[in-house]
Amino acid sequence: RLCELLDNAGRGWRKLAELAGAEKRFKCSAEELEMCSLKVLEPRGSPTQCLLQLLAERDCTLRYLLGCLERMGHEQACRVLSAAVQDVIRITVQPESQVAAEGTQVSLTCCATGPPGLVYQWFRGRQEVPGATSPELVIDTASPGGQPEWYICRVNCGATFTFSRWAHVQVEKSNSPRSASGYCPTMAGLQILRQPRPCCLAEGDTLVLECRAIGNPPPQYQWFRNRRPVEGAQAPQLQVKLVTTAERGSYSCRVFNLFHEMWSQEVDVEIGEGPRQTSVTPPPALAGVSVTTVCYNSVTPPPSPVLAATDKVALLIGNMHYLHHKQLQAPIVDVHALGALLRQLDFKVVSLLDLRKAEMQMAVDEFLLLLDKGVYAGLLYYAGHGYENFGNSFMVPIDAPSAYTSEHCLCVQRVLREMQQRRTGLNIFLLDMCRKRNLNDDIIPQVGALEVTANIVFGYATCADAEAYELSQGELSNGIFVTFLKRWLLEDEKITVLLDKVAEDMGTLEITRGRQALELRSNLSERRALTDPIRPPGQDESSARNLQWAKAHILPESRHLRFECGVTVQLGFAAEFSNIMIIYTRVVAAPKDITKCEARLTDIPEELDVDLKCTNKESPEELGSPLAPVWSLGCPSCCLYSRICGLQKLRQELAFTVYLQYRYQGMDDFVEERQRVNVGRPLIAKLNLQ
């Protein structure tokens with residue numbers, strides 16, 4: 001049917017080819033267009049069918065094709081194709097209830113699919129919101145003035161319509177509390193609006209604790225009892241029905257969005273009353289006298305001293321994309337999984353992917369600045385190529401030559417020596433790499449004598465002169481080591497006992513039996529565990545470390561760009577690692593006479609690792625990152641996404657161009673506008689590793 005409609009010289013297949021070619025991968029060459037036109041010479045030949053075949057081979061979607069037909073203004077062809085795409089209106093993105101500080105702006109989003117020409121209308125309660133006819137509604141909370149707090153969106157096409165679900169917007173005054181860990185809310189990019197409150201309950205009551213926060217991306221929650229995660233408690237409100245004394249304890253909530261986090265205040269929950277009184281029957285001689293026996297718990301000996309840290313910091317490095325060696329797949333997944341678990345244990349985590357030698361050395365130097373006397377633990381995890389010569393382990397950077405030696409790599413024992421000079425309380429090295437002998441390297445490095453400190457733990461993913469393997473699971477790959485390590489990492493065990501359990505688990509895997517086995521080396525004399533609490537020695541030292549750590553985790557503020565044509569574009573940011581940032585653009589407002597518009601990123605600095613295939617994509621999954629389902633949870637829908645890697649290479653502030661392309665109603669040609677944007681030095685770029 002489309003071939004019948006488009007096999008003509010007017011608004012036909014040539015116009016469709018021109019509009020489809022706005023996306024480079026769908027652009028047809030002159031030879032291909034000539035091939036299509038020659039189809040008219042065949043008995044049943046169709047230029048349109050030939051063009052559609054070319055577009056299909058390049059993975060063109062029906063939705064993109066429908067958009068091209070809409071821009072052509074070919075209503076009949078649109079009706080034919082829209083019947084194939086979707087006959088009914090379906091809400092794909094529902095507006096979410098939110099809590100906002102008074103004086104800020106709140107954004108509600110509703111997206112739908114269906115026939116061409118969908119019309120949106122937002123309602124506040126039962127009243128239409130004037131001018132609110134786009135998928136996004138921006139609400140100014142400066143003066144609520146008693147307005148209803150419930151919002152809903154109607155989507156219609158002609159007489160056919162459907163409604164979104166209701167969204168509740170709660171406006172609260174901010175008390176700007178500081179987090180329990182001392183982080184500054186503005187620096188963390190989060191703000192807690194409502195803190196949990198202590199309570200005293202009787203057995204059988206319902207426990208309700210609430211922690212509300214705002215942030216960009218939206219915050220996530222994890223409740224803790226006695227500094228241990230409460231399973232399944234990942235909502236702003238923690239509710240436990242029919243409580244018993246087992247629920248007694250200290251509760252706090254961790255609020256986070258990827259690399260940004262803060263803690264609520266810790267509150268005590270008491271279940272039951274003090275000493276229990278029980279009446280007993282008096283003997284006859286004491287008849288008429290009331291006797292009460294007070295029962296106390298038996299006296300217990302004082303607990304043994306609890307080991308504590310002044311701080312806990314970790315540097316995680318994953319090298320995958322080697323210039324002269326085999327590419328690896330697991331480090332991106334392993335570093336992310338390990339970082340998420342360590343943050344649950346209150347570690348300050350810096351996670352980096354694909355570093356050259358100079359960048360690895362600078363990252364280690366910055367890591368050492370976070371260490372101080374008693375800092376516990378200093379944990380270094382490395383995943384990538386490596387080798388071991390003469391008892392020394394070497395981490396291979398991505399720019400190492402094909403015949404590399406110790407001169408091109410980082411020596412782990414040198415890093416340990418520098419950590420000892422910082423007087424750390426516990427030094428942990430988790431090395432997820434091969435330990436084969438390097439036949440190109442016969443130099444014995446002069447590391448210098450190590451101190452006898454009884455606080456060193458080495459966890460090797462494999463034995464000496466053996467290899468470490470990746471475990472493929474569809475699109476994701478885990479290293480064998482981390483696959484088993486993440487099962488035990490949150491356990492309250494001495495670190496050496498924990499690694500012993502990991503080793504036992506690894507031994508049960510048939511495919512690596514006899515080829516890879518964890519090796520543990522340690523001189524640890526105390527029961528040190530990753531779960532041990534943090535007790536900062538002094539505010540000044542703690543604040544200095546917090547500031548140094550926070551520098552590497554500051555995302556640019558989300559902003560709105562206003563173009564001369566009246567279009568407003570939102571520019572937002574999310575972090576995948578300390579040196580990888582996601583930038584998303586979306587049109588949030590446009591005049592009624594503009595029918596199509598799109599905002600893209602261009603002119604990104606050349607020194608960054610930017611693959612053009614991973615920029616301006618309509619869905620997070622198209623960026624090619626296996627972690628897209630994780631960070632995209634905090635991003636709005638209906639965006640174009642770009643993945644910016646290698647931020648440690650920035651020599652100056654990050655600047656790029658936002659390229660806006662739009663078309664007025666009744667016109668075929670697109671109009672262009674550009675705005676230059678400078679977002680400073682984001683994430684790890686703040687530390688000037690160059």
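**View 1. Histidine 260 is a buried residue, with a relative accessible area of 7%.** Here, buried means under 20% relative accessible area, exposed means over 50%, and partly exposed lies in between (1.4 Å probe, protein chains only). The model is predicted: local features need pLDDT of at least 70, side-chain atom pairs count only at pLDDT 80 or more, and totals for chains, interfaces and linings use all residues. Residues are numbered from 1 along each chain as its sequence is written, and side-chain values use heavy atoms, with hydrogens and water left out. Histidine 260 belongs to strand β19 (residues 260-263). Helices (H or I, at least four residues) and strands (E, at least two) are DSSP runs, numbered from the N terminus. Proline 219 lies 41 residues from histidine 260 along the chain, and the C-alpha atoms of these two residues are separated by 9.0 Å.

**View 2. Strand β15 (residues 220-225) pairs with strand β18 (residues 249-257) in the antiparallel sense.** Two strands pair if DSSP finds at least two bridges between them; β15 and β18 share six bridges. Within this pairing, arginine 225 stands opposite tyrosine 251 of β18. Strand β15 also pairs, again in the antiparallel sense, with strand β16 (residues 228-229) over two bridges. There, arginine 225 stands opposite arginine 228. Two residues lie between the strands in the hairpin of β15 and β16, where asparagine 226 takes a positive phi near 55 degrees.

**View 3. An open sheet is formed by three strands in the order β37-β39-β40, with antiparallel pairing.** Strands β37 (594-602) and β40 (671-678) stand at the edges with a single partner strand each, so one side of each has no neighbour in the sheet. From one strand to the next, the twist averages 20 degrees; axes are lines fitted to C-alpha atoms, for helices over the stretch in contact, and angles run from 0 to 180 degrees between N-to-C directions. Eight bridges join β37 to the antiparallel strand β39 (residues 655-664). Cysteine 597 has tyrosine 662 in β39 as its bridge partner.

**View 4. Leu38, Val40 and Leu41 make a nonpolar surface patch of about 320 Å².** Patches consist of residues with over 30% relative accessible area and no salt bridge; like charges are joined within 9 Å, and nonpolar side chains (Val, Leu, Ile, Met, Phe, Trp, Tyr) within 5 Å. A salt bridge is a side-chain nitrogen of Lys or Arg within 4 Å of a carboxyl oxygen of Asp or Glu. Valine 40 occupies the loop between α3 (30-37) and α4 (47-57), and is exposed, with a relative accessible area of 55%.

Notes. Accessible areas come from the Shrake-Rupley method with a 1.4 Å probe; for residues, only the protein chains shown count as cover.
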